[in-house]
Amino acid sequence: MTSRASLTRRSLVGLAAAGLAATALSLPASASTSASESTSASGDGATSPRARSAGAAARLPAPTGPYGIGVVPARLVDRSRHDPWVPSQPYRELMISVWYPTAPGSGGSHPRARYMTPGAAERWDATSPHGIPKGALDFAATRTHAREGAPADTRGGRRPVLVYAAGAGDPRTWGTALVEELASRGHVVVTVDHTYENPGVQFPDGSVKDDGPLRKALEEAQRNGTMPELLKKTLDVRVADSKFVLDSLGSLPHDLSRIVDRRRVGMVGQSAGGIAAAETMYEDRRVRAGVDLDGTLEFNPEPNGTNLMPVAKHGLDRPFLLMGREGSDRRTEPSWRSFWSHSTGWKRNLTLRGSLHQTYTDLSTLLPQAGVDRKVIEENIGTVDPARAVAAQRAYVASFFDRWLKGEDDGLLDAPSGRYPEVEFAG
């Protein structure tokens, strides 16, 4: 018999697959001007909940840009609001990581950063995430290409800054292959964990916050028929968190604010993260360009064109890129069609042939290394070649932000390219 916990976890994944379609209302002015507190930390923590089972350390694809990469984690505290999932907590705390280009030859004395901290990795592994068998991969032993705390490259002056948001129920590390590529090409990227929304967010004191509050809210919504309200609340929280991160760009750890150009801000995310990118951009003009990787722009668990979020109703007047899975584009996705018809800014809609929802995450890199057969791979990331999927996503997202935040246009977004036959232009 399937356990209730298993059903709940699958429901959370279902929310992510549906794009966690919801919207967010504008924050009061006091929230967007509140002070933040950031504490830099190695992120390993003093304790781990339990000993981890041994699994294989996976390998991530090397970034292709000209810069080495550094990364620094930090805790941000927003004292202007109670935590929306745990109201008894009088503040909202987040964990972020800041990825950035490093000075030439500076990385050798700095260790390569973990893919996940041990506490977060143990909780993530326990969920058997997206087809990866429990214990098959050691997410804490897996190393990124970024060097912990390496000196930043200051030669080019201030750089564009991007905020990356993962899908519902997924950790901030779940787009590392894309984030590393963007940092290697000269962007500063801030990845965000939305606390209480994924199985494990580890803080500098070693504590790990789980997703119990969201799971409880999900059970209540399913029981009471209030799923649209839960979807709305979830995106309310994400947009508020994103605005707070934007407020905090002037006080980043490791003195990284000195290389950030807050006049050139972009946002990118997968699923609920893509929704948050679109809605945050609609509400906050600090975001100049955005990318939605397969996120549905409505309040419904299954898209049907009703309960559209404001950005889908009114569109955007700044550059935006939609990238969808096989069969999902502005012609078939009702909320994308509405967004498209109301947007006056530059826009493009691409489809990755043979892809599924999780193809736009690190699952494309990690699942083939987990010892599963071809059927499991195709059930989770589709029939597209995984390495090609990673390369295409990197190329088009990087091209978009290079074009609109750096003024460097390689022409990739102008027409279909023989270099990436997997990518179809839907508009």
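Which residues point one way from strand E12, and which the other way? Phe320, Leu322 and Gly324 point one way, Leu321 and Met323 point the other way, and all are buried. Buried means under 20% relative accessible area, exposed means over 50%, and partly exposed lies in between (1.4 Å probe, protein chains only). In a regular strand, side chains alternate between the two faces of the sheet. E12 covers residues 320-324 and is mostly covered, with five of its five residues buried.

The model is predicted: local features need pLDDT of at least 70, side-chain atom pairs count only at pLDDT 80 or more, and totals for chains, interfaces and linings use all residues. Residues are numbered from 1 along each chain as its sequence is written, and side-chain values use heavy atoms, with hydrogens and water left out. Helices (H or I, at least four residues) and strands (E, at least two) are DSSP runs, numbered from the N terminus.

E12 pairs with two strands, E11 and E13. Two strands pair if DSSP finds at least two bridges between them. Strand E11 (residues 287-293) runs parallel to E12, and four bridges join them. Here Asp292 has Leu322 of E12 as its bridge partner. Strand E13 (residues 347-352) is also parallel to E12, through five bridges. Leu322 is bridged to Asn349 in E13. From E12 the chain passes through helix H9 (residues 334-342) to E13, in a right-handed β-α-β crossover. Right-handed means that, with the strands pointing away from the viewer, the path from the first strand over the helix to the second runs clockwise.

Strand E10 (residues 260-270) is largely enclosed by the rest of the structure, because eight of its 11 residues are buried. Six bridges join E10 to strand E6 (residues 159-165), and the two run parallel. Arg159 has Val260 of E10 as its bridge partner. E10 also pairs with E11 in the parallel sense, over six bridges. The partner of Gln270 in E11 is Leu293.

In H7, 11 of the 12 residues are buried, so the helix is largely enclosed by the rest of the structure. Among them are Ile275, Thr280 and Met281. The buried residues of H7 pack against E6, helix H6 (227-247), E10, E11, helix H8 (310-314) and E12. Contact here means heavy atoms within 4.5 Å.
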